[in-house]
Amino acid sequence: MQEIARRAGVARVTVYRRFDSKAALLRAVVMIEVIEFVERFDAALLSGRPIADRIADATSLATKELRTNALLSTVLRADSGTVLTALTIDGQAEFELIKGILTARIEGLVDRGEVGPVDPSRAAELTLRLIYSTFFMPFGALPGRTDAELRAFAHEFVVPLLVRPPA
């Protein structure tokens, strides 16, 4: 908090008046970044490509951006407890907001007949949990490291959640 205050050119107490903890500050910054991210996500999901490719592109983008977010990565290395608490135990409001955004996007795809039949809320939550897990556990073979590996993972595991063959 001292470093943030120094960079902002204010006293530490001023930062604490606005944010009562590092976790609160982290959540506020994450929400700003989420809003900016949604524009990029929508561009990938709503492009003119085939639906399976758009889902894979959007999933790959979300995974890659979460993994490479400079703020989250720095805080995770410096104070993993703050990040874990802010985004898990105390992160229900942020999780629900992001889930709601993703649910709305999936509902739009269902309404246009591009995906489904699927429960948009449940599909959004499962997809979000998959993406979160790649941040909190960055090791292992899944979902991969390169864009091609991330897209292949999405085609294999996320696309089937949303794009189902007709019964």
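Predicted model: local features only at pLDDT ≥ 70, side-chain atom pairs only at ≥ 80, totals over all residues.

Residues are numbered from 1 along each chain as its sequence is written, and side-chain values use heavy atoms, with hydrogens and water left out.

The overall picture comes next. The protein has 9 helices and 0 strands. Helices (H or I, at least four residues) and strands (E, at least two) are DSSP runs, numbered from the N terminus. The C-alpha atoms fill a box of roughly 60 × 30 × 30 Å, taken along the principal axes. Of the 167 residues, 41% count as buried. Buried means under 20% relative accessible area, exposed means over 50%, and partly exposed lies in between (1.4 Å probe, protein chains only).

Now to α3. This helix covers residues 22-45, and its partner α5 covers residues 70-78. Their axes come within 10 Å and cross at roughly 155°. Axes are lines fitted to C-alpha atoms, for helices over the stretch in contact, and angles run from 0 to 180 degrees between N-to-C directions. α3 and α5 are therefore roughly antiparallel. The cut-offs are under 35 degrees for roughly parallel, over 145 for roughly antiparallel and 65 to 115 for roughly perpendicular, with the rest oblique. The crossing of α3 with α5 is left-handed. That term applies if the near helix is turned anticlockwise from the far one by less than a right angle; clockwise is right-handed.

From α3, Leu26, Val29, Val30 and Glu33 take part, and they meet Leu71, Leu72 and Val75 in α5. By class, this contact holds 6 nonpolar residues, no polar ones and 1 charged. The classes are simple: Ala, Val, Leu, Ile, Met, Phe, Trp, Tyr, Cys and Pro are nonpolar, Asp, Glu, Lys and Arg are charged, and the others, Gly among them, are polar.

α3 also packs with α7. Here the angle is about 15°, and the axes are 11 Å apart. That makes α3 roughly parallel to α7. The crossing is right-handed. α3 contributes Arg27, Met31, Val34, Val38, Phe41, Asp42 and Leu45. They meet Glu94, Leu97, Ile98, Ile101, Leu102, Arg105 and Leu109 in α7. The contact of α3 with α7 divides into 10 nonpolar, no polar and 4 charged residues.

Leaving out residues up to four places away in sequence, Glu94 touches Arg27, Met31 and Ala86.

Arg27 has another partner, Asp90. Not counting residues up to four places away in sequence, Asp90 touches Arg27 and Thr85. Asp90 is in the loop between α6 (80-89) and α7 (92-111). At 42% relative accessibility, Asp90 counts as partly exposed. Asp90 and Asp147 are 57 residues apart along the chain, and 31 Å separates their C-alpha atoms.

Beyond four places in sequence, Ser60 touches Asp147, Leu150 and Arg151. Ser60 belongs to helix α4 (residues 51-68) and is buried, at a relative accessible area of 1%.

α4 has a helix partner too. α4 and α8 (residues 120-136) pack at about 30°, with axes 9 Å apart. That makes α4 roughly parallel to α8. Thr59, Ala62, Thr63, Leu66 and Arg67 of α4 make the contact with Ile131, Tyr132, Thr134 and Phe135 of α8. This contact has 5 nonpolar, 3 polar and 1 charged residues.

The Gly116 to Pro117 peptide bond is cis, with omega near 0°, and Pro117 is in the loop between α7 and α8. The Leu142 to Pro143 bond is cis, with omega near 0°. Pro143 lies in the loop between α8 and α9 (147-162).

Definitions and conventions: Contact = heavy atoms within 4.5 Å.
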